[in-house]
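Student: I would like to work through this structure with you. Can we start with the strands and then turn to the contacts?

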Amino acid sequence: MSEIAISVNNLSKKYGDITAINNLSFEINKGELFGFIGPDGAGKTTLFRILCTLLLPDTGSASLCSFDAVKDYKKIRNIIGYMPGKFSLYQDLSVEENLSFFATIFGTTLEENYDLIRDIYIQIEPFKTRQAGKLSGGMKQKLALCCAMIHKPEVLVLDEPTTGVDAVSRKEFWEMLRKLKESGITIIVSTPYMDEASLCDRVALIQGGNIMSTDTPENIISQFDTALYAVKTHSMYQMMLDLKDWNQTETAYLFGQYMHLTIKDKDNNTIEAYLKSKSHKDIEIKQITPNIEDAFMRLMSK
Amino acid sequence: MRTIFYILQKEFTQIFRNKSMLPIMFVMPIVQLLVLSFAATFEMKNIKIHIVDMDKTPQSRAMISKFKGSKFYSIINYADAYKIAENDLKTNKADVILQIPQYFERDLMKEDKASVQLTINAINGSAAGLINAYTFSIIKDFNSNILMDNYGQKIEMPIQINSSFWYNPQLDYKTYMVPGILVLLVTIIGLFLSAMNVVREKEIGTIEQINVTPIHKYQFIAGKLIPFWFIAMFELAFGLLIAKLIFTLPVLGNVGIVFTVAAVYILAVLGIGLLISTITNTQQQAMFIAWFFMVVFLLMSGLFTPIESMPNWAQQINIINPIAYFIKVIRMVLLKGSGFSDILPEFFSLVVYAFAVLTLAVRLYKKRN
């Protein structure tokens, strides 16, 4: 078993009557790229803010590199890089000024750790005199990542780094994370996009403040224990309503042009029969292998 | 120490990159000093007087000519009936009505005694008081003329009052106002810039990024404080220069004392601003709270109305009013030439004040919650 980078035990936080996170426990290994996947309001940001020592938990404990998040918060602040979900660099400072400011307050310089961020920084270097507020969304994310990395942190905490970023930039961003991981940094990242889960070493599905499942993406898919069908007819909307009414339906949700469907019955002929009885035309039904999103949808509906 | 230097570097870059900053720094003092000093005057000129002369005798005309001759009055109308004049008072065409009753001259001659009636619009109480005082002095003057005419020689009153106005011999209103307006200027700059600053970082979210760094609270606060301290000190110097050049403000005392006290005073004001900034979450909240304190402190500071005439409880409140201390000091030093030993109580009060507010601001600024 490899070294533990982050360990969380029975962590809870409430805001008034609302439970943001409920009795969470998990461990993350050193050098792991760990993803928290869940819808908005699942408690991802609360969890990350506690790990970053910005928020005090109500109960439970969390430790990063064996430093306690409450007691040793000063030490933790030296070894983590945090990228909040909302862009929070100085918009009126240039790319270069932002970077060197964050470098200097950590007692380092841009030159000293240039190797670490070089791959990312060269992409925004042509704009280094531009004010951060005038960068595009994807470039802002790259700059924020550079600033979070500039002091060579041992743990990188990224809160929804790809939200609101275009598909190409998202893909690039994940490639950068995979590269960073190779240099031994532990990375935890949260995202509402389920398709990004397959890019992590391990993922935790978080919903309503609870972790539903923690495993590798492959294992989560292999837990999918029933047949999955992709269904299409001439009237998708009507079909959706009909399938939701059907007593055989387990899960049914739109996925691209098809509806993904699991049923209680093992026999897929019943689907066609049911849809015909509802006078659907051009019925197309095929069994497909589930992907990570299907696995999550199934876990979340349980 | 080096960290503070880097924070300062960042703050100054941001301040001077802000395009509205330079106009605020240079235009505001000029406009405030020029407009407020000339416009906010307690002297009354062009008092609009409506005269109702029901006597129409040489004596009544002599009295009216006294008002005609005064530079403070402009006679807007004469009427025979009080009703007409009253209407002018109601429609704001007149500030005051002087009614000379019938038989004014006869009573004066035969009974050595007559009365006139003065009706003053007292919507603005202090203006009404001034009108009353001016009118009183004109009538007093008129009285002594009558006495001279009647007895053929100048009659001396048994007790003579010889007033001399120390520290402001001409009773020049600007001499009194300009030092106070300098304080107002420094206070606005210090209070608002600091109150809006930390909360702005909260609003934009940059405070999150700062809070996860190993920056100490005092370093962060110092980084916020020092730039504004320099700006406010610069404003004071700039304002004093304008006051000296344009208003030929008398500077009797040592300007060094003013700056020494200002150095501490600005710390106190910045402390209040930072305190507001740390306990609020939006710039709007900070703005309202800063305005609230600004207005209360300013109106109670003695800038416009003397503290001595306030009720006792109000004077007690002024113990926590930094503006009152500094206005007192700056007037004493500039107009009276007071030395450092004379203003020591105010100086120490401000030192304690600054220390307390800054400690509170650092304490209340939380890097985590």
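**Strands, helices and contacts**

Tutor: Chain B holds an open sheet of four strands with mixed pairing, in the order β2-β1-β3-β4. Strands here are DSSP E runs of at least two residues, helices are H or I runs of at least four, and both are numbered from the N terminus. Two strands pair if DSSP finds at least two bridges between them. This is a predicted model: local features need pLDDT of at least 70, side-chain atom pairs count only at pLDDT 80 or more, and totals for chains, interfaces and linings use all residues. Residues are numbered from 1 along each chain as its sequence is written, with chains lettered from A and ligands numbered from 1 in the order in which they are written.

Student: How many bridges join β1 of chain B to β3 of chain B?

Tutor: β1 covers residues 47–53 and β3 covers residues 96–100 of chain B. In this pair, Ile51(B) stands opposite Leu98(B).

Student: At what angle do α7 and α10 of chain B cross?

Tutor: α7(B) spans residues 173–204 and α10(B) spans residues 255–279. Axes are lines fitted to C-alpha atoms, for helices over the stretch in contact, and angles run from 0 to 180 degrees between N-to-C directions. The axes come within 7 Å and cross at roughly 35 degrees.

Student: How many charged residues does the contact of α7(B) with α10(B) have?

Tutor: Two residues are in contact if their C-beta atoms, placed from the backbone, lie within 7 Å. Val186(B) and Leu191(B) are among those in α7(B), and they meet a set in α10(B) including Ile266(B) and Leu270(B). Ala, Val, Leu, Ile, Met, Phe, Trp, Tyr, Cys and Pro count as nonpolar, Asp, Glu, Lys and Arg as charged, and the others, Gly among them, as polar. By class the contact has 12 nonpolar and seven polar residues, and the charged count is none.

Student: Which helix gives the largest share of the side of chain B that touches chain A?

Tutor: In this interface, 18 residues of chain B are in contact with 23 residues of chain A. α1 (2–17) and α8 (206–211) of chain B each supply at least two residues of the chain B side. The largest share is six residues, and it comes from α1(B).
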